[in-house]
Amino acid sequence: MRQANKKKILYCGIVVITLIILLHPDMNARRTYEYIEKENILNNLLEEIAENFSSTALIDCDYEDVIHDETTLSISLVDGDLIEGHKIREGGEYAPSDCKPKYSTAIIVPYRDRAEQLRGFLVYMHTFFHRQHIHYRIFVIEQVDSRPFNRAKLLNIGAVAAMKAGYPCLVLHDVDLLPLKPANLYACTERPRHMSSSINKFRFVLPYLNLFGGAIAIGSRQYKEINGMSNDYYGWGGEDDDLYSRLEAHNLKLCRFEPDTSRYHMFTHRPERKTEPRHKVLSFSKDRMSSDGLNSLKYTEVATVLHPLFTHIMVDL
Ligand code: BGN
């Protein structure tokens, strides 16, 4: 075969393969995943306030303005301080005083050994929440033992504390993620919601359709129904996929907001070491879910401290 013909065949091959990759349905699905349209967001929210919480305000808070807020916050807020007179109560709880909030949300953050990131996260998040008119409290659950990090078990511990405090809605949130759009309302939808579907680290593209990690919102009742998360994932990865399979087993379909509203900034850090056992644990996910989770949660609470900006629960797993 002549050299020129060979080149032509090679060239056509590359074009065909590129087209197959680009036109593959999953590729498009990731870029244009199904989401709740803006005008339907408020109808989809679970309107429920924490037990024991009452507001003296006379008018209800308005959330139309929040979901139509086009602002993008600057991540440089992490280097600043909170405004004076911010009215955050000890333990990191806040509610607007000039209107009656319709939503109470517990933000649960698993944590170890990232003091500077946590400081930036707290300042940023409290500033962010003040634009949302919700009642919320930030719980930071710190693993104090030296075993590999167990994100899901820490989230279970936080969920138990938040439910005890009467919160009907849980947001499970990584400390290295910052929501960029105040329109991304931190309230629970009727279906569990994957909030961080558009992260700078993944070039603002959803890596795969069943991803259910980073920042998610789930009603306390639903979290109980699926027996929370698995306690068996030590080290990086898999625990969020396990959570997704629990939703699937309970016929709970996830939902998302549109990509532009769901934009997040992820702080860069050394990649965590990926652990091999996660593949095996994940393959038995559905067999274990009724006996591994909230109903088998065992740990030692070392201390709980109410800081000005957060509730700090220290645990030995
Ligand atoms: C996946 C991880 C998730 C992680 C996403 C995004 C696993 C399971 C392998 C059996 N899943 O690959 O935990 O959130 O990447 O980083 O590792």
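Which cysteine forms a disulfide with C61, and how far apart are their sulfur atoms? The partner is C99, and the two sulfur atoms are 2.0 Å apart. The structure is a predicted model, in which local features need pLDDT of at least 70, side-chain atom pairs count only at pLDDT 80 or more, and totals for chains, interfaces and linings use all residues. Residues are numbered from 1 along each chain as its sequence is written, and side-chain values use heavy atoms, with hydrogens and water left out.

A disulfide is assigned to a pair of cysteine sulfur atoms within 2.5 Å. Two disulfides are counted by this rule. The S-S torsion of the C61 and C99 pair is about 90°, so this disulfide is right-handed. C61 lies in the loop between α3 (38–44) and α4 (64–67), and C99 in the loop between β1 (93–94) and β2 (104–111), so the bond ties together parts that are 38 residues apart in sequence. Helices (H or I, at least four residues) and strands (E, at least two) are DSSP runs, numbered from the N terminus.

The ligand is surrounded by F202, Y208, L211, W236, G237, G238, D240, D241, R278, H279 and L282. By class, five shell residues are nonpolar, three polar and three charged. Here Ala, Val, Leu, Ile, Met, Phe, Trp, Tyr, Cys and Pro count as nonpolar, Asp, Glu, Lys and Arg as charged, and the others, Gly among them, as polar. Both α8 (239–249) and α9 (277–283) supply at least two residues of the shell. The largest share, three residues, comes from α9.

A polar side-chain atom of D240 lies 2.4 Å from a ligand oxygen. For D241, a polar side-chain atom is 2.6 Å from a ligand nitrogen. An N or O atom in the side chain of R278 is 2.6 Å from an oxygen of the ligand. Taken alone, the ligand exposes 420 Å², and the protein buries 74% of that. Accessible areas come from the Shrake-Rupley method with a 1.4 Å probe.

Notes: A residue is near a molecule or strand if one of its heavy atoms lies within 4 Å of it. A polar contact is a pair of N or O atoms within 3.5 Å; within protein, one must be able to donate a hydrogen and the other to accept it, and residues adjacent in sequence count only if both atoms are side-chain atoms.
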